[in-house]
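I opened this one to look up a few spots and jot down what I found. Here is the structure I had on screen.

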Amino acid sequence: MTRIMNCILIFSLFLLFTLGLARVVPVPPFNINQKSLLKTLSLENVKVDLPALYVFGDSFVDAGNNEHFNLQFHRNYTPYGIDFGGKSTGRYTNGRTVVDFIAQFVGLPFPPPVQSLFKGSDKSIPQTGINYACGFTGILESLSPPPFHRNYTPYGIDFGGKPTGRYTNGRTVVDFIAQIVGLPFPPPVLSLSKKDKRIPQTGLNYACGFTGILDLTPPPTLYRLGARKFVINNLDPTGCEPHQIVHEKCWDQANDRALLFNKRLSHLLKDLQSTLPGSKFVLVDLYKIFQDVYASPASYGFRNVMGTCCSKLDEGRTKACIPRVAPCKDRNAYVFFDPFNPTESIHFIWARRMLNDSSVTYPVNLIQLIQS
């Protein structure tokens with residue numbers, strides 16, 4: 001969710017290392033260069049120097065890590081990637097993600113998925129950043145690469161004496177937040193496939209160690225490695241994602257839980273910054289970014305905020321894109337590409353507003369953080 005002294009870490013949660021914009025701006029061409037992108041964004045006079053970009057998160061920012069696991073949630077097929085040079089890469093959208101746009105903005109290559117570094121004969125580690133995000137995973141030891149399993153003692157020694165795959169001796173920050181708000185510990189999402197198919201209404205844990213963020217403990221860990229600048233995105237209105245919509249209405253309870261989590265997250269980041277001397281945390285209000293789009297979709301160029309670009313409404317909005325079946329033609333008019341993940345258009349808006357819109361970034365925007 002990370003050299004390090006000169007980079008920014010971005011968590012989606014994603015980490016940016018230095019170790020209102022409600023106007024329609026067309027999504028820039030896939031192969032746009034940094035100079036042209038800065039001109040498109042009316043930022044041609046902005047000077048940025050970012051040596052590396054490290055990313056932690058879920059399917060919103062996964063660049064292909066999930067493809068290296070034997071999971072049912074692979075997206076390494078078209079129409080995914082149809083606008084990513086026409087090539088599917090494992091990204092859960094039609095084109096670039098917010099991370100890709102930020103990389104293009106600062107003149108860096110797209111951070112490669114960490115699992116791709118395990119393949120081939122070239123074991124060199126990129127100096128310009130790595131993407132650790134992984135979609136639809138949980139904290140099951142079987143999901144991490146074998147060298148990184150932690151389902152044994154002394155891990156879990158203070159978690160009732162039982163190892164659970166958590167990368168610590170006891171509870172994680174997620175567990176503490178759950179206890180504070182009176183909820184059970186969010187179970188690993190893939191543990192549901194073993195016995196009980198019912199989906200808990202109190203939350204799920206999609207994080208995966210060494211492919212994404214196991215919990216919110218990486219900031220202190222990365223701080224000890226030299227990281228000082230972190231960008232953290234809060235939750236979007238999850239109850240308005242197509243798979244949650246019922247009778248053309250958002251699931252308010254899910255949105256309320258997202259807001260509660262976001263409030264706790266804000267307090268947590270303040271505590272972290274106060275206890276980690278010299279650190280700088282920027283919180284991106286992804287909830288507000290989506291909320292603004294829902295409130296005035298036309299002003300952002302959208303005509304469909306509840307449907308998906310590659311799934312039929314009569315399928316219950318719960319199925320991924322069908323392999324090698326063409327999606328909708330007007331992809332820029334949709335907020336969501338599949339029932340769970342936004343289109344490239346939303347990712348571009350997300351990136352634009354992160355960069356210089358202080359109404360959705362606290363206490364400074366991304367450009368100000370990079371330049372600080």
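Before anything else, I noted that helices (H or I, at least four residues) and strands (E, at least two) are DSSP runs, numbered from the N terminus. This is a predicted model, where local features need pLDDT of at least 70, side-chain atom pairs count only at pLDDT 80 or more, and totals for chains, interfaces and linings use all residues. Residues are numbered from 1 along each chain as its sequence is written, and side-chain values use heavy atoms, with hydrogens and water left out.

Entry one: Thr343. I found Thr343 in the loop between β7 (334-336) and α7. Is Thr343 buried or exposed? Thr343 counts as buried because its relative accessibility is 0% (buried is under 20% relative accessible area, exposed over 50%, partly exposed in between, with a 1.4 Å probe and protein chains only). A polar atom of its side chain sits 2.8 Å from the backbone oxygen of Tyr334. Beyond its neighbours within four places in sequence, I saw Thr343 in contact (heavy atoms within 4.5 Å) with residues including Thr93, Asn94, Phe302 and Arg331.

Entry two: α2 and α7. I looked up the axes of α2 (residues 98-106) and α7 (residues 344-356), which come within 8 Å and cross at roughly 50°. Axes are lines fitted to C-alpha atoms, for helices over the stretch in contact, and angles run from 0 to 180 degrees between N-to-C directions. On the α2 side, Val98, Phe101, Ile102 and Phe105 make the contact.

In α3 (residues 173-180) I listed Val173, Asp175, Ile177 and Ala178 as buried. Those buried residues pack against α5 (252-275). Just after α3, Gly182 has a positive phi of about 80°.

Terms used: Polar contact = N/O pair within 3.5 Å; in protein donor to acceptor, adjacent residues only side chain to side chain.
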